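This briefing is for a reader who is new to the structure. Please look over the sequence and the model before reading on.

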Amino acid sequence: MNNSLSRLYEGMAASLAERILPHVSDDFARGQAYGVIYLLRCLSLRTDWSDAYLQPQWEALQATAERLRPLLAGVAGAPPVDAPAPAGATLHVRCEAARDALCATYDWAEGHAASLTPLALAAIRDAWRGYIEIDLKQELRMRVPLPYSEMSTGQATTAATTKVNP
């Protein structure tokens, strides 16, 4: 049987919360267990297998490339906005290639600002800021609430055993 990495992480977190924590009486050990549960839930949202995390990034990267492409079309020396990923590449690999290409494009634009019109440079910076805002908002949506109380006291609250679904 083949499970997704997210399902494996959630299974480990659920086992800790439901099967192990009820039998741990030491508050320090309970706090540490809550910390491991938090870590597993964070990892499940941010690993290579998690399309829920990567798909919005991919869409933001593609939208940014769409905004940058016409701004740099015909500009001598401008790097390509798109970087082809290897055939059959995972979403993670495609995101990395797209991010690398966009970073190179932005770095080039900043380094060659004199060869761009002020309007084009402002539009490039605006597109980049837009991407960063989208990426940051996605990061904030994908966060798992940190169980400060449970980690410090070793005592459960109702939020500690609730699974966060983005």
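This is a predicted model: local features need pLDDT of at least 70, side-chain atom pairs count only at pLDDT 80 or more; totals for chains, interfaces and linings use all residues.

Leaving aside neighbours within four places in sequence, which residues is Ala123 in contact with? They are Arg67 and Leu71.

- Ala123 is found in helix H5.
- With a relative accessible area of 25%, Ala123 is partly exposed, since that value lies between the limits of 20% for buried and 50% for exposed.
- The two contacts of Ala123, Arg67 and Leu71, are among the H3 residues that meet H5.
- Other H3 residues that meet H5 include Ala52, Tyr53, Pro56, Leu61 and Leu68.
- On the H5 side, the residues that meet H3 include Ala120, Ile124, Ala127, Gly130, Tyr131 and Ile134.
- The axes of H3 and H5 come within 10 Å and cross at roughly 175°.
- That crossing angle makes H3 roughly antiparallel to H5, because angles over 145 degrees count as such.
- Ala123 and Ile20 are 103 residues apart along the chain, and their C-alpha atoms are separated by 54 Å.

**Aromatic rings**

- The structure holds two aromatic pairs.
- Tyr106 belongs to helix H4 (residues 91-111) and Trp128 to helix H5 (residues 118-141), so the pair ties together parts that are 22 residues apart in sequence.
- Another pair, Trp128 with Tyr131, is tilted, with 5.7 Å centre to centre and 45° between the planes.
- Trp128 and Tyr131 are separated by about one helical turn, because they are three residues apart in helix H5.
- Through these ring pairs, Tyr106, Trp128 and Tyr131 are linked into a cluster.
- Tyr106 is buried.
- Trp128 is buried too, with a relative accessible area of 13%.
- Tyr131 is likewise buried, and its relative accessible area is 5%.

**A charge over a ring**

- Arg94 lies over the face of Trp58, at 5.1 Å from the ring centre.

**Cysteines**

- How many disulfides does a search of the whole structure find? The search finds zero.
- Cys42 is in no disulfide, and the nearest cysteine sulfur, that of Cys95, is 19 Å away.
- For Cys95, the closest cysteine sulfur is in Cys103, at 12 Å, which is too far for a bond; a disulfide needs the sulfur atoms within 2.5 Å.
- Cys42 counts as buried, at 14% relative accessibility.
- Cys95 also counts as buried, at 0% relative accessibility.

**Pro80 in a loop**

- Where does Pro80 lie? Pro80 is in the loop between helix H3 (51-72) and H4.
- Is Pro80 buried or exposed? Pro80 is exposed, and its relative accessible area is 59%.
- Not counting residues up to four places away in sequence, Pro80 touches Ala101 and Thr105.
- Pro80 and Leu16 are 64 residues apart in sequence, and in space they are 48 Å apart, C-alpha to C-alpha.

How values were computed:
Residues are numbered from 1 along each chain as its sequence is written. Side-chain values use heavy atoms; hydrogens and water are left out. Rings of Phe, Tyr and Trp (its six-membered ring) pair if their centres lie within 6.5 Å; planes under 30 degrees apart count as stacked, over 60 as edge-to-face and the rest as tilted. Helices (H or I, at least four residues) and strands (E, at least two) are DSSP runs, numbered from the N terminus. Buried means under 20% relative accessible area, exposed over 50%, partly exposed in between (1.4 Å probe, protein chains only). A charge sits over a ring if NZ of Lys or CZ of Arg is within 6 Å of the ring centre and within 35 degrees of the ring normal. Contact means heavy atoms within 4.5 Å. Axes are lines fitted to C-alpha atoms, for helices over the stretch in contact, and angles run from 0 to 180 degrees between N-to-C directions. Angles under 35 degrees count as roughly parallel, over 145 as roughly antiparallel, 65 to 115 as roughly perpendicular and the rest as oblique.
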